[in-house]
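Hi there,

Here is the structure I promised to pass on to you. Have a look at it first, and then read on for what turned up.

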Amino acid sequence: MLLTLFLALLLPKLSLQAALTRFDTGNPADVAPQLHGPILHLAGGGGDVDAAYQEVIDRIRGCSDCATKIDIVVLPASGAGGYKDYLQAMRGVDSVTTFVITDRSTSRRADVVAAVRDAEYIFFAGGDQCNYVKYFMDTPIEAMVRAVYARGGAVGGTSAGMAIMGKATYDACTDESAQSKLALTDPYNHEISFTTDFFDWRFMERVITDTHFAQRDRMGRLMAFIARQLQELPVDSFLGIAANEKTAVLVDERGLATVVGQGPAYFVLGDHFPERTLPGQPLTYCGFKIWRAPSGLACDLVHPPPTGFTTIVVNDGVIVQNPY
């Protein structure tokens, strides 16, 4: 009888432990170097950009050719430990730990929280950003990720992992991924939902991100997303940062956003209230400012360039010229 009772109490704890899959490589000891960031790594998905990861590693350790090393924690909400060997092979990496977290309770586990706290570089893999919202937001892991950034570390993500890095997140917590045509036709379509303040990084306070950008023709939906934020938040401008596949945007401690990889990235600014953003009606906005940034270009998020942009009009749900 006592054994039965003991097992009954133990099994729920065992099931929580089973929700976590962990992969480790490299040195298990904590290196704790002095950090020289912070930096955000925003990757558009569709293939990793080696140079972006290496640049992030070098920036936060303060050198490109020295003995200083860092620990990396990868936080996917699905999949496996595919990044561990890839990142471990980078110059300046001491260890890589991957936690595949598939439930919210695991984000409170002491061993997971401690590993995130002690890392210098936190990276959210791709997948489904709704899972990141459900499993990580307002948990001790989120607090530790913020702490890594605050002490000069790096935080980043690819695809869904990039999607959670803005003030507003298109959370994709519906059955379908929002398409541009539908979003322009009705910015309040039921497929479009947002989460705000998951993270509120410096220089990203008025930003929403998007990924796989030109490849999946997402300009129209990003415009609708921006119009929604202007309509609903107490702001007079809102910026979209969008990366093509095999492209990354690195945001440093000064607010400079540098494009790395194949490019381009797009910076889409709405700097006035929409002419029409109403449920069930097509978007009208005159006009968005779009900077098309090739690889190597840096954009100042604090003071957007006064030139170099294209002005694009959306009239009755139709983008009147090629925005790419």
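Let me start with a question: which side chain meets that of Asp271 in a salt bridge? The partner is Lys289, with 3.0 Å from N to O. This pair ties together distant parts of the chain, 18 residues apart: Asp271 sits in the loop between strand S13 (265-270) and strand S14 (285-293), while Lys289 belongs to strand S14. Asp271 counts as partly exposed, at 29% relative accessibility, and Lys289 is partly exposed too, with a relative accessible area of 24%. Please keep in mind as you read that this is a predicted model.

**The chain as a whole**

The secondary structure comes to 9 helices and 17 strands. The radius of gyration is 21 Å, close to the 20 Å that the globule rule gives for 324 residues, so the chain is as compact as a globular protein of that length. Along the principal axes, the C-alpha atoms fill a box of roughly 70 × 55 × 30 Å. Of the 324 residues, 55% count as buried. If you take the contacts between residues at least 6 apart in sequence, 75% of them join residues at least 24 apart. The accessible surface comes to about 13400 Å², and 54% of that belongs to carbon and sulfur atoms.

**The nonpolar cores**

The largest nonpolar core has 72 residues, and those that touch the most other members are Leu75, Tyr121, Phe124, Phe136, Val145, Ile241 and Phe267. Helix H2 (residues 50-61) gives the most to this core, with 5 residues. There is also a second, separate core of 29 residues, which includes Ala172, Phe194, Leu222 and Met223.

Then try Leu87, which you will find in helix H3 (residues 83-88). Is Leu87 buried or exposed? Leu87 has a relative accessible area of 1%, and because buried means under 20%, Leu87 is buried. Beyond its neighbours within four places in sequence, Leu87 is in contact with Tyr53, Ile72, Val74, Val93 and Val96. For a sense of distance, the C-alpha atoms of Leu87 and Leu184 are separated by 39 Å, and these two residues are 97 apart along the chain.

Glu232 counts as partly exposed, at 39% relative accessibility, whereas Arg228 is buried, with a relative accessible area of 8%.

Another joins Asp118 and Arg117, where the N to O distance is 2.9 Å. Asp118 is partly exposed at 26% relative accessible area, and Arg117 is partly exposed at 41%.

Happy exploring, and write back with any questions!

Technical notes:
Residues are numbered from 1 along each chain as its sequence is written. This is a predicted model: local features need pLDDT of at least 70, side-chain atom pairs count only at pLDDT 80 or more; totals for chains, interfaces and linings use all residues. Side-chain values use heavy atoms; hydrogens and water are left out. Helices (H or I, at least four residues) and strands (E, at least two) are DSSP runs, numbered from the N terminus. Buried means under 20% relative accessible area, exposed over 50%, partly exposed in between (1.4 Å probe, protein chains only). Contact means heavy atoms within 4.5 Å. A nonpolar core is a set of buried Ala, Val, Leu, Ile, Met, Phe, Trp, Tyr and Cys residues joined through side-chain atoms within 4.5 Å. A salt bridge is a side-chain nitrogen of Lys or Arg within 4 Å of a carboxyl oxygen of Asp or Glu. The radius of gyration is taken over C-alpha atoms; the globule rule is 2.2 Å times the number of residues to the power 0.38. Accessible areas come from the Shrake-Rupley method with a 1.4 Å probe; for residues, only the protein chains shown count as cover.
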